[in-house]
Amino acid sequence: MSAAKKNKNKTKDVVEEPGKKLNNKKAGKTADKKGKKLKNKAYEKELAKLHVELVKLQEWVKFKGLKVCIVFEGRDGAGKGGTIKAITERVSPRTFRVVALTAPTEREKTQMYAQRYLPYFPAAGEVVIFDRSWYNRAGVERVMGFCTEEEAKGFLQVVPMFEKLMVASGIILLKYWLEVNPEEQTRRLKGRIHDGRKIWKLSPMDIKSYTRWDDYTKARDEMFAGTDTSWAPWYVANSEDKKRVRLNIISHLLSKIPYKEAPREKVKLPDRKIGHKYTSPDYPFKFIPEIA
């Protein structure tokens, strides 16, 4: 776990412990204070080291039957999706499962609020990552009027006990909020408009939400005040430098889940013989055109 510890020491100023006040106008200036944004070469080198540690974590989670739940929240364009991709790039999707639920169905709207999330919770040997979670009620649903103010306040009162039950059942729960400043959010959202690879990320709801910065700030602050508990604290990461925040968060989550290298047999490929017992017929395979 040496790589994780080294990166934790390098980046502990970026992933903030609860209680540190956020500057809503200048949040996320860490990259500027450090100088230039992280270069691709340095990023890829550090990410490769962390990927090795994530694989070790994966094998340990399976070996010990751990249950891990990681929640990512934040404003539109804060970098949640890219961070999750960086975490899951080299691990098994059968162990690391990403949950990104669509809007609730008419049936789900009649259920107990948390009910639609429960089937996705981790069993032994699993890591589940929520790309937005039950905290939709404290954020977008509250700000955009999809729930009543009474429902939102009731959620903030109940969710600490809900998460205490999760932790008591053996789930390791990590909650991350990615913070982005208004200027960087605008730059990223505009970039989606003109990029055919990203336009799908810009929904009509994102456009409506864009004008509600202060409302989202107020909702975020009340969410922290009500749900930042000792058993399920919030960790905040400034995300102006996408590459840096990915390294910070991966390093941080590795430090929060105790793990070792799981025992395994050494891998050795056996000898094999090709073409001695079987020869393929001259079949007219339909090869795809080579354009590169």
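User: Hi! In which sense do β2 and strand β5 pair, and over how many bridges?

Analyst: Hello! β2 and strand β5 (residues 171-179) pair in the parallel sense over 8 bridges. Two strands count as paired if DSSP finds at least two bridges between them. Strands here are DSSP runs (E, at least two residues) and helices are runs of H or I with at least four, numbered from the N terminus. This is a predicted model, where local features need pLDDT of at least 70, side-chain atom pairs count only at pLDDT 80 or more, and totals for chains, interfaces and linings use all residues. Residues are numbered from 1 along each chain as its sequence is written, and side-chain values use heavy atoms, with hydrogens and water left out.

User: Which residue is the bridge partner of I70 in β5?

Analyst: L174 is the partner of I70 there. β2 also pairs with strand β4 (residues 126-131), in the parallel sense over 6 bridges; in that pairing, K67 has E126 as its bridge partner.

User: New topic. How many aromatic pairs does a search of the whole structure find?

Analyst: It finds 19. One of them is Y176 with Y235, a tilted pair at 6.0 Å centre to centre, with 40° between the planes. Rings of Phe, Tyr and Trp (its six-membered ring) pair if their centres lie within 6.5 Å; planes under 30 degrees apart are stacked, over 60 edge-to-face, and the rest tilted.

User: Where in the chain are Y176 and Y235?

Analyst: In distant parts: Y176 is in strand β5 and Y235 in strand β6 (residues 234-238), 59 residues apart. Both Y176 and Y235 are buried.

User: What sits over the ring of W231?

Analyst: The charged end of K164, 4.5 Å from the ring centre. Such a contact needs NZ of Lys or CZ of Arg within 6 Å of the ring centre and within 35 degrees of the ring normal.

User: What about R132: why does it count as partly exposed?

Analyst: Because its relative accessibility is 25%. R132 is in the loop between β4 and α6 (140-143), and has a positive phi of about 75° although it is not a glycine.

How values were computed. Buried means under 20% relative accessible area, exposed over 50%, partly exposed in between (1.4 Å probe, protein chains only).
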